[in-house]
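Visitor: Could you walk me through this one? I have the sequence and the coordinates open.
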Amino acid sequence: MDELLDERSLSKLKWRCRRGLLENDLLIEKFFRRHEATLTVSQAQGLNDLMDLSDNDLLDLFLKRREPDQLAEASAQVSASTYAAREVLNLIRAAATGQQSAPI
């Protein structure tokens with residue numbers, strides 16, 4: 001079992017997740033409200049991987065307009081395709097719709 005993220009790391013992660021598009025911020029806030037108490041180090045790394053993406057790519061992923069392998073840039077595909085990034089993407093999508101997360 002992966003260890004939980006400590007408070008200091010969680011605070012840094014929340015700061016890192018601030019985005020230029022309000023829509024992204026709102027979806028990420030929903031994710032944190034639902035999962036911050038149980039966020040693991042591995043999931044934090046996945047979220048960091050997603051934060052390497054442009055705002056538009058990130059929104060496309062969150063809204064299921066694209067999947068990680070459909071992103072235009074190879075580096076974006078790599079960042080969004082890690083196991084941890086896909087796990088967090090699944091959790092964000094579920095939080096956005098108010099559903100339980102589906103298996104990866």
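Visitor: What covers the buried residues of H4?

Guide: Bear in mind that this is a predicted model. The cover over the buried residues of H4 includes H2, H3, H5 and H6.

Visitor: Which residues of H4 are the buried ones?

Guide: They are Asp57, Leu58, Leu59, Asp60, Leu61 and Phe62. Helix H4 runs over residues 55–62, and because six of its eight residues are buried, it is largely enclosed by the rest of the structure.

Visitor: And what follows H4?

Guide: H4 is followed by Lys64, and the phi of this residue is positive, near 60 degrees.

Visitor: Back to the packing, then. At what angle do H2 and H4 pack, and how far apart are their axes?

Guide: Two packed helices are described by the angle between their axes and the distance between the axes. For H2 and H4 the angle is about 50 degrees and the axes are 9 Å apart, which makes H2 oblique to H4. As for handedness, H2 passes H4 in a left-handed crossing.

Visitor: Which residues meet there?

Guide: From H2 come Glu23, Asn24, Leu27 and Ile28, and they meet Asp55, Leu58, Leu59 and Phe62 in H4. Sorted by class, the residues of this contact between H2 and H4 are five nonpolar, one polar and two charged.

Visitor: What does the side chain of Asn24 reach?

Guide: The side chain of Asn24 reaches the backbone oxygen of Asp55, at 3.1 Å. If you leave aside its neighbours within four places in sequence, Asn24 is in contact with Arg19, Asp55, Leu58, Leu59 and Phe62.

Visitor: How does H2 sit against H6, say in terms of the angle at which their axes cross?

Guide: The axes of helix H2, residues 22–35, and helix H6, residues 83–97, cross at roughly 95 degrees and come within 8 Å. That angle makes H2 roughly perpendicular to H6.

Visitor: Which residues of H2 and H6 meet?

Guide: On the H2 side they are Leu27, Lys30, Phe31, Arg34 and His35, and these meet Val88, Leu91, Ile92, Ala94, Ala95 and Ala96 in H6. By class, this contact of H2 with H6 has eight nonpolar, one polar and two charged residues.

Visitor: New topic: where is Asn48?

Guide: Asn48 has its place in helix H3, which covers residues 41–51. With a relative accessible area of 23%, Asn48 is partly exposed.

Visitor: What does Asn48 touch?

Guide: Not counting residues up to four places away in sequence, Asn48 touches Leu13 and Arg16. Asn48 can also be set against Ser9, which is 39 residues apart from Asn48 in sequence and 12 Å apart in space, C-alpha to C-alpha.

Visitor: Last one, Val78: buried or exposed?

Guide: Val78 lies in helix H5, residues 74–80, and it is exposed, with a relative accessible area of 58%. Along the chain Val78 and Pro68 are ten residues apart, and their C-alpha atoms are separated by 8.0 Å.

Key:
Residues numbered from 1 in each chain as written. Predicted model: local features only at pLDDT ≥ 70, side-chain atom pairs only at ≥ 80, totals over all residues. Heavy atoms only, no water. Axes fitted to C-alpha atoms, helices over the stretch in contact; angles between N-to-C directions. Helix = DSSP H or I, 4+ residues; strand = E, 2+ residues; numbered from the N terminus. Parallel < 35°, antiparallel > 145°, perpendicular 65-115°, else oblique. Contact = heavy atoms within 4.5 Å. Nonpolar A, V, L, I, M, F, W, Y, C, P; charged D, E, K, R; others polar. Buried < 20%, exposed > 50% of the residue type's maximum accessible area, 1.4 Å probe, protein only. Polar contact = N/O pair within 3.5 Å; in protein donor to acceptor, adjacent residues only side chain to side chain. Left-handed = near helix turned anticlockwise from the far one by under 90°.
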